[in-house]
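Open the model in your viewer and keep the selection tool ready. We will go stop by stop.

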Amino acid sequence: MSIYTGGGDKGKTSLLSGERVSKADPRVEAYGTLDELTAQLGMCRAHLDQFPACAPFVEMIVNIQRDLFRVGMQLSSSPKYWSKLPAPIDGDDIQSLEEAIDILEKAFGLPGFFVSPGRTLAGATLHVARTICRRAERQAWAASGDAESCALLLKYINRLSDLLFSLSWVAEIRILLTEELSHGNHDAHL
């Protein structure tokens, strides 16, 4: 079997549920952007993996990437097909994101100012992921057609962008604190 089939050479692709649609279909745009987000999160993992203080975030991102495959499966099929999927996004997934946000906010608070990305490469890559997530959310809204059947999916993507903001904020704090400690300020604590 080859990676290329030629089936999309005329601008059409198959959804998971079997329908053939234009490659410019809003659903294809939405799940394509989720694919981009998954790849960007891989960049985030690679950068965060260099800092032991950020190890919990690496594991969190792996789980998010797995969830994004589930979200993509839903977006690449019609809602009536979702019951055939192994694990559609549900309220528990949203609750997990909210609990992670609450833990991060309780431990590190929120910035009281506009955050300009770039103090650390890891934090900046998380901000890029957040903006891709926001684009995916807009595209998912455009593709949803029936927002009621997609409500949990749309809420998940919205909450994920909030988590990515929180992660970028906390990762930068941990990385900058680690750098400060490595330069001789041993009174600070992680």
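**Whole chain.** Start at the N terminus and follow the elements: they run β-β-α-α-α-α-α. That makes 5 helices and 2 strands in the chain. Helices (H or I, at least four residues) and strands (E, at least two) are DSSP runs, numbered from the N terminus. The C-alpha atoms fill a box of roughly 60 × 35 × 30 Å, taken along the principal axes.

This is a predicted model, where local features need pLDDT of at least 70, side-chain atom pairs count only at pLDDT 80 or more, and totals for chains, interfaces and linings use all residues. Residues are numbered from 1 along each chain as its sequence is written, and side-chain values use heavy atoms, leaving out hydrogens and water.

**Colour by confidence.** pLDDT is the predictor's confidence in each residue, from 0 to 100. The chain's mean is 87, and 91% of its residues reach 70 or more. Where pLDDT is low, the predicted coordinates should not be read in detail.

**Select α1 and α2.** Helix α2 covers residues 55-75. Its axis and that of α1 are 10 Å apart, at an angle of about 170°. Axes are lines fitted to C-alpha atoms, for helices over the stretch in contact, and angles run from 0 to 180 degrees between N-to-C directions. α1 and α2 are therefore roughly antiparallel (the word applies to angles over 145 degrees). Show side chains: among those meeting are L34, L37 and L41 in α1, and I61, L68 and F69 in α2. The contact's residues divide into 16 nonpolar, 4 polar and 2 charged. Ala, Val, Leu, Ile, Met, Phe, Trp, Tyr, Cys and Pro count as nonpolar, Asp, Glu, Lys and Arg as charged, and the others, Gly among them, as polar.

Helix α4 (residues 121-144) has 24 residues. It reaches 34 Å from its first C-alpha to its last, close to the 34 Å expected at 1.5 Å a residue. The axes of α1 and α4 come within 8 Å and cross at roughly 165°. These two helices are therefore roughly antiparallel to each other. Their contact has 18 nonpolar, 5 polar and 4 charged residues.

**Last stop.** Click G145, which follows α4. The phi of G145 is positive, near 65°.

Terms used:
The expected span of a helix is 1.5 Å times one less than its number of residues. Angles under 35 degrees count as roughly parallel, over 145 as roughly antiparallel, 65 to 115 as roughly perpendicular and the rest as oblique. Contact means heavy atoms within 4.5 Å.
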